[in-house]
Amino acid sequence: MDTTQERTEAQDLPYNAFAKACPSRGTLEHVTGRWGGLTLGALYEGSLRFNELRRRVDGVSEKMLSQTLHALQRDGLVRRDAQPTNPPRVDYELTPLGRGVAERLLNLIHFVEGQMDDVLEARVRYDETRGAL
């Protein structure tokens, strides 16, 4: 498919993330934010409890993970399953929609990881031309 055809098809969609008022922008922000993509990617491997997820997404604070999960739940990407046990057990898993988003994000993550040698070299060249270390 050529670029012109892709643009025409994109213009035919009911939502346009490039438009300021488009509600898809919020979801896109939740998915591509610092913790959203990593959370979705971690849950792609299967259902996880909160602390398991926090350990898997190294560096995320409890507060940020909680906020991220709430946003992803609200967008219909993550399901929270609270078991009436003592102590309570809460598991998080992807919805079918979340699974589709996570698959695409993981492709991007793996692509970026595979290109990191080139990225790091580009950073060095950039910094050398700017006199930075």
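Thr68 lies in helix α5, which spans residues 62-74. At 10% relative accessibility, Thr68 counts as buried (under 20% relative accessible area, with exposed over 50% and partly exposed in between, using a 1.4 Å probe and protein chains only). Apart from neighbours within four places in sequence, Thr68 is in contact (heavy atoms within 4.5 Å) with Trp35, Gly36 and Thr39. The model is predicted: local features need pLDDT of at least 70, side-chain atom pairs count only at pLDDT 80 or more, and totals for chains, interfaces and linings use all residues. Residues are numbered from 1 along each chain as its sequence is written, and side-chain values use heavy atoms, with hydrogens and water left out.

**Overall make-up**
- The protein has seven helices and three strands, taken as DSSP runs numbered from the N terminus (helices H or I, at least four residues; strands E, at least two).
- From the N terminus on, the order of elements is α-α-α-β-α-α-β-β-α-α.
- Of the 133 residues, 24% count as buried.
- The accessible surface comes to about 9900 Å², with 52% of it belonging to carbon and sulfur atoms (Shrake-Rupley method, 1.4 Å probe; for residues, only the protein chains shown count as cover).
- Among contacts between residues at least 6 apart in sequence, 42% join residues at least 24 apart.

**Sheet**
- Three strands form an open sheet in the order β1-β3-β2 with antiparallel pairing, where two strands pair if DSSP finds at least two bridges between them.
- β1 (48-49) and β2 (78-83) stand at the edges with a single partner strand each, so one side of each has no neighbour in the sheet.
- Strand β3 (residues 89-94) runs antiparallel to β2 and is joined to β2 by six bridges.
- Asp81 has Asp91 in β3 as its bridge partner.
- Helix α3 packs on the sheet and touches β1, β2 and β3, its direction making about 95° with that of β3.

**Helices α3 and α6**
- The axes of α3 (residues 36-44) and α6 (residues 96-114) come within 9 Å and cross at roughly 105°; axes are lines fitted to C-alpha atoms, for helices over the stretch in contact, and angles run from 0 to 180 degrees between N-to-C directions.
- The two helices, α3 and α6, are therefore roughly perpendicular (65 to 115 degrees; under 35 is roughly parallel, over 145 roughly antiparallel, the rest oblique).
- On the α3 side the contact is made by Gly37, Leu40, Gly41 and Tyr44, and on the α6 side by Arg99, Val101, Ala102, Glu103, Leu105, Leu106 and Ile109.
- The residues of this contact divide into seven nonpolar, two polar and two charged (nonpolar: Ala, Val, Leu, Ile, Met, Phe, Trp, Tyr, Cys and Pro; charged: Asp, Glu, Lys and Arg; polar: the others, Gly among them).
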